[in-house]
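The tour goes from one selection to the next.

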Amino acid sequence: MLGSITVLLLFQLLGEIIARAFDLAIPGPVIGLFLLIVILLRRSEIPKQLDETATGLLSHLSLLFVPAGVGVIAHLALLGNEWQAILGSLIGSTALTVLVTGWVLQKLHKGHRDGA
Amino acid sequence: MEPNFQDVWVYLSASPLTALTATLVAYLIGDWIYQRSGKQPILNPVLIAVCLITLILWITGIDYWTYFEGAQFVHFLLGPATVALAIPVSALIRSLKGSYRAIAIALFCGSVTAAGSAIVIAELLNASMQTVLSLAPKSVTTPIAMGIAERLGGLPSLTAVCVIMTGIIGAVIGPYILNAAKITHWDARGFAMGVAAHGIGTARAIQINKQAGAFASLAIGLNGLATAAMIPIAFALWQWVSGG
């Protein structure tokens with residue numbers, strides 16, 4: 001487990017270094033994510049230990065958003081007198097996005113399967 | 001000897017240990033309520049935990065930054081957890097075998113809807129230009145969204161607030177919408193949650209189904225890149241059209 005945590009941290013660090021060195025808008029962990037995908041795809045299989053650590057960490061992913069979520073309440077004043085417009089836009093747009101994305105992918109998958 | 005509650009309180013209100021413990025306890029309570037309710041989407045564990053901690057901070061008068069000193073140990077793990085998404089995503093890419101076209105089309109439709117509908121609805125509700133620009137990248141994972149907002153001329157801190165709110169809204173209402181629209185495939189459900197509600201939506205998808213979680217993880221990364229590339233181009237086009 002210690003080994004696989006170190007792997008994750010190393011890739012994050014590498015991502016941060018690349019993001020800063022080239023002044024990219026993409027965050028370090030996301031660059032680290034893509035580098036690790038590339039490395040893992042070149043191997044014949046995913047190391048079992050890494051798989052177990054990742055599954056463990058990701059099963060509690062929700063928990064990791066709690067501190068930032070509390071921050072939202074602390075920063076509600078930022079919404080100011082436009083909060084109705086912001087809330088309306090967030091709810092409407094999120095609902096539409098879930099609907100459109102899910103519907104398109106399901107339709108295309110069905111077409112693919114029926115055609116094949 | 002009388003126990004000295006004053007000293008105990010001074011220690012507790014400033015120690016990272018209290019904030020860290022409170023975060024975990026609040027989340028466990030939220031998860032317990034969620035499981036006991038038969039996994040009702042409205043009783044999202046993150047939403048319950050956030051409300052509980054806000055209530056505690058409000059009652060005790062502890063400010064957010066004191067709380068965050070302790071809670072940052074949990075917050076820090078978001079970085080390694082993001083990198084860890086590489087494991088389900090690479091397993092998924094291996095198993096995809098040729099349905100890349102469907103994914104690419106769904107991603108394009110989702111990204112355009114996420115940014116486009118946020119802009120249109122905010123404009124219709126008379127939001128200011130700066131607010132509209134801050135809302136545009138709301139479906140993208142926080143650090144990428146803040147970067148996009150900054151380049152567009154929005155307010156990055158307002159964007160961060162909108163992004164987290166989007167995640168919670170998506171995690172709460174997403175499953176109801178998918179059920180109502182009879183979207184039953186786990187891959188379509190997961191991908192929709194990832195595109196619309198980034199990490200918080202993905203966290204929710206991972207808890208429900210492994211396949212849905214892998215598609216949602218793929219969606220966060222792809223949507224981040226697609227939106228980072230598309231929004232500035234779209235705005236340049238729009239300014240060119242409207243500016244004549």
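**Stop 1: chain B and its domains**

Select chain B and colour it in two parts: domain 1 covers 5-76 and domain 2 covers 82-239. Keep in mind that this is a predicted model. The C-alpha centres of domain 1 of chain B and domain 2 of chain B are 27 Å apart.

Now show the contacts between the two parts. Five residues of domain 1 of chain B meet six residues of domain 2 of chain B. On the domain 1 side of chain B, four of the residues touching domain 2 of chain B are nonpolar, one is polar and none is charged.

**Stop 2: where chain B meets chain A**

Bring chain A into view and select the interface. Here 67 residues of chain A are in contact with 93 residues of chain B. Which helix gives the largest share of the chain B side? Select residues 186-208 of chain B: this is helix α11, and it supplies 16 residues. Then colour the side of chain B that touches chain A by class. You will find 61 nonpolar, 27 polar and five charged residues.

**Stop 3: chain A as a whole**

Chain A has five helices and zero strands, so the pattern along the sequence reads α-α-α-α-α.

Orient chain A on its principal axes. Its C-alpha trace spans about 50 × 50 × 30 Å. The radius of gyration of chain A is 20 Å, whereas a compact globule of 116 residues would have one near 13 Å. Of those 116 residues, 45% count as buried. Next, draw the contacts in chain A with a separation of 6 or more: 33% of them join residues 24 or more positions apart.

**Stop 4: confidence in chain A**

Colour chain A by pLDDT. The mean is 87, and 94% of the residues of chain A reach 70 or more. Among the elements of chain A, go to helix α1 (residues 2-21) for the highest mean pLDDT, 93. Then go to helix α4 (residues 66-74) of chain A for the lowest, 83.

**Stop 5: helix α2 of chain A**

Select residues 28-42 of chain A, which form helix α2. Draw a distance between its end C-alpha atoms: they are 22 Å apart. Why does that agree with the helix length? At 1.5 Å a residue, the 15 residues of helix α2 of chain A should span 21 Å.

Finish with the side chains of α2(A). Buried residues there include A:Gly28, A:Pro29, A:Val30, A:Ile31, A:Gly32 and A:Leu33. Further along the numbering, A:Leu36, A:Ile37 and A:Leu40 are buried too.

Definitions and conventions: Residues are numbered from 1 along each chain as its sequence is written. Chains are lettered from A and ligands numbered from 1 in the order in which they are written. This is a predicted model: local features need pLDDT of at least 70, side-chain atom pairs count only at pLDDT 80 or more; totals for chains, interfaces and linings use all residues. Helices (H or I, at least four residues) and strands (E, at least two) are DSSP runs, numbered from the N terminus. The radius of gyration is taken over C-alpha atoms; the globule rule is 2.2 Å times the number of residues to the power 0.38. A residue is buried if 20 or more other C-beta atoms lie within 10 Å of its own, exposed if 12 or fewer, and partly exposed in between; C-beta atoms are placed from the backbone. Two residues are in contact if their C-beta atoms, placed from the backbone, lie within 7 Å. Ala, Val, Leu, Ile, Met, Phe, Trp, Tyr, Cys and Pro count as nonpolar, Asp, Glu, Lys and Arg as charged, and the others, Gly among them, as polar. pLDDT is the predictor's confidence in each residue, from 0 to 100. The expected span of a helix is 1.5 Å times one less than its number of residues. Domain bounds come from an automatic or database domain assignment.
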